[in-house]
Amino acid sequence: MDATQRPQDVITVDVHAAKGLIASGHRYLDVRTAEEFNKSHVDNALNVPFMFKTDEGRVKNPEFLSKVASICNKDDYLVVGFEHVTNMEGGYSAWVDSGFAGDKPADELKTFCKFRP
């Protein structure tokens with residue numbers, strides 16, 4: 001998000017719209033932990049964890065912005081993004097629920113989320 005973009009400017013799209021954006025050239029930035037990402041992820045997704053799991057609980061990745069900046073251009077269009085932000089409603093669990101993650105059973109692909117069953 002750039003300095004002129006306000007949080008209310010972030011667009012939330014459903015997984016079908018997100019899939020269309022990705023097909024049209026948007027890049028998918030997966031901000032889950034590396035363990036979650038390695039279990040399953042959107043094809044060709046980039047992974048930069050926003051949080052890390054530690055013995056003390058989850059902590060913010062202090063290098064998140066610099067890591068994103070090192071793999072993305074500021075003018076890239078991203079789903080879960082940088083300057084041109086599009087939020088995919090429901091996250092990766094909704095992607096799996098919609099059948100976009102392949103042939104594996106959803107229970108094998110989904111990761112724990114306290115907000116979703």
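**View 1. Tyr28, Trp95 and Phe100 form a cluster linked by ring pairs.** The model is predicted: local features need pLDDT of at least 70, side-chain atom pairs count only at pLDDT 80 or more, and totals for chains, interfaces and linings use all residues. Residues are numbered from 1 along each chain as its sequence is written, and side-chain values use heavy atoms, with hydrogens and water left out. Rings of Phe, Tyr and Trp (its six-membered ring) pair if their centres lie within 6.5 Å; planes under 30 degrees apart are stacked, over 60 edge-to-face, and the rest tilted. The count is three aromatic pairs.

**View 2. Tyr28 and Trp95 make a tilted pair.** The ring centres lie 6.3 Å apart, and the planes meet at 50°. Tyr28 sits in strand E2 (residues 27-30) and Trp95 in helix H4 (residues 91-97), 67 residues apart. Helices (H or I, at least four residues) and strands (E, at least two) are DSSP runs, numbered from the N terminus. Tyr28 is buried, at 6% relative accessible area. Trp95 is buried too, at 5%. Buried means under 20% relative accessible area, exposed over 50%, and partly exposed in between (1.4 Å probe, protein chains only).

**View 3. Phe50 and Phe64 meet edge-to-face.** Their centres are 5.1 Å apart, with planes at 90°. Phe50 lies in the loop between strand E3 (46-47) and strand E4 (51-54), while Phe64 belongs to helix H3 (residues 64-71). Phe50 is partly exposed at 33% relative accessibility; Phe64 is buried at 13%.

**View 4. Arg32 lies over the face of Tyr92.** The distance from the ring centre is 4.2 Å. A charge sits over a ring if NZ of Lys or CZ of Arg is within 6 Å of the ring centre and within 35 degrees of the ring normal.
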